[in-house]
Amino acid sequence: MGPGLLDLLLGVRLGVGEAVEPGRRNRRPIAREDPRLNLLDFYLFRGQPGTTVMAMTVNPNAGTKAPDTFHQEGLYAFRFDVNDDAHEEVTFKIRFGEAGHAEGEGPEGRPMQTLEVRRAAGSDAAAGTGGKVIASGTTGRIVAGDAGVRIFAGLAPDLFAANRTGAVAFRAALAAGKFAPDVFHDGANYFQNRNVTAIVMEVPTQSIGDPAATVRGWVTVSLCGHAPEVQVSRWGGGAPVPDHLALRPGFGGLVRFRRLQRPRYDGQRGERDALTAGQHSYRPGRGCR
Amino acid sequence: MTDNVENVMLSLQANTPIDQGAAVDRTNIPSEFPYFGAPVRRSRRAKRLDAIRAAVEAVGAPAQATAEATAMVLRLSGADASWPLHDSYGLPLERIPDVIAHTVELIIRDLRTHVTDETPT
């Protein structure tokens, strides 16, 4: 296990060591600069009978060092490959309105944004903001949508756990040629008492795909002020680590990591190249293609 | 959601069980939608406000005086009270905690006079 992989495993959320572009979590400079676009974690698991739950988190240290709102021009998307062709066939897209404060919610006022969820299939799944609206409401509360869809978006505790002190010591030991897993045992959870902003959706499994099939999912955050849209953050994609979540036939509770074997995101390669060249700024208010 | 991803991945990569000694607080993972618990800041703030209410009530003053004092102390307990002292009135940031603490002491001292007034001798 080399230092690069250690960075990938431990340094991404901890801010340990040099900046590393992780395989499972791919962020452009603007996503690192704007916490609202900084994709942290992706969860996918079985919910209530017949449903599947998907969740993504952004805004590390939300409410303190980061906002507790979502980007008004952000397109937050859960993407699913349902036929093993390494491209998304079904995408759930979430967009948010201008940040404000709810009235009558206490002296501090509860941050609130409107939200809209669309389910896109076919060509709409791959790009743009198109799709059928399946839920709409506001952040900070559970919103019920069409046919059993539920969504919550808002401030939530960070469910990631890691031992930062141990990670630093482990890396130092490894750099000195020592394998020292014992350094982890006394450390505290660096992420305890921290918040993120989460988007959690529970949808009928049938709305994703055939429950008898294996379905693979990943999440992206894009900016829609640009034309065309610019993907700035992604959970999933790239070797060498398991890079996306797969639900086994029946969409059972077992969440598996599995690497896609074929290229993907071909439709966005041009954007990725442009971003690599440093064109990570965007023009607000232009609207998505 | 209760699995520690770092432990799992480290163990897989190292081919030996590694426990980094950090775990998610299970109370933050309810079994019902949305499966994320209450934000940490709000729960901690709620506990702090409850503690303030209990402390002011423990002074033993009459109900109205206790309610008024509680409201003022609660108002002073948040960041929304301290920042205007700096932004609007120019107090140095490092002095603000002491200024607020002194103000709270004055409120409690006044509240105690109500106890004395109404306490049978």
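**Sheet in chain A**

I began with one pair across two strands: Thr52(A) stands opposite Val203(A) in S12(A). I kept in mind that this is a predicted model.

Next I looked up how the two strands are joined. Strand S3 (residues 51–58) of chain A and strand S12 (residues 195–204) of chain A run antiparallel, with 8 bridges between them.

Then I traced the whole sheet.

**Cores**

Which residues have the most contacts inside the largest nonpolar core? I found Tyr76(A), Phe78(A), Phe92(A), Ile199(A) and Met201(A), in a core of 34 residues.

I followed up on Ile199(A). Setting aside neighbours within four places in sequence, I found Ile199(A) in contact with residues including Met54(A), Met56(A), Phe70(A), Tyr76(A), Phe78(A), Ile94(A) and Phe152(A).

There is also a second, separate core of 16 residues, which includes Val53(A) and Ala161(A) along with Tyr35(B) and Phe36(B).

**Helix H4 in chain A**

I checked the length of helix H4 (residues 164–175) of chain A. At 1.5 Å a residue its 12 residues should span 16 Å, and the end C-alpha atoms are 17 Å apart, which agrees.

Its buried residues are Gly166(A), Ala167(A), Phe170(A) and Ala173(A). Looking down the axis of H4(A), I saw the buried residues fall within an arc of 130 degrees, so they line one face of the helix. The face turned away from that buried side carries Thr165(A) and Ala175(A), which are exposed.

What caps the N-terminal end of H4(A)? Asn163(A) does, with a side-chain oxygen 3.3 Å from the backbone nitrogen of Thr165(A). Just after H4(A), I noted that Gly177(A) has a positive phi of about 85 degrees.

**Helix H3 in chain B**

I ran the length check on helix H3 (residues 63–76) of chain B too. Its 14 residues reach 20 Å from first C-alpha to last, close to the 20 Å expected at 1.5 Å a residue.

Ala65(B), Thr66(B), Ala69(B), Thr70(B), Val73(B), Leu74(B) and Leu76(B) are buried in H3(B). They cover an arc of only 155 degrees around the axis, which puts them on the same side of H3(B). On the other side, I found Ala63(B) and Gln64(B) exposed.

How values were computed
Residues numbered from 1 in each chain as written. Chains lettered and ligands numbered in written order. Predicted model: local features only at pLDDT ≥ 70, side-chain atom pairs only at ≥ 80, totals over all residues. Heavy atoms only, no water. Helix = DSSP H or I, 4+ residues; strand = E, 2+ residues; numbered from the N terminus. Expected span 1.5 Å × (residues − 1). Buried < 20%, exposed > 50% of the residue type's maximum accessible area, 1.4 Å probe, protein only. Arc of directions from axis to C-beta. Polar contact = N/O pair within 3.5 Å; in protein donor to acceptor, adjacent residues only side chain to side chain. Pairing = 2+ DSSP bridges. Core = buried A, V, L, I, M, F, W, Y, C linked by side-chain atoms within 4.5 Å. Contact = heavy atoms within 4.5 Å.
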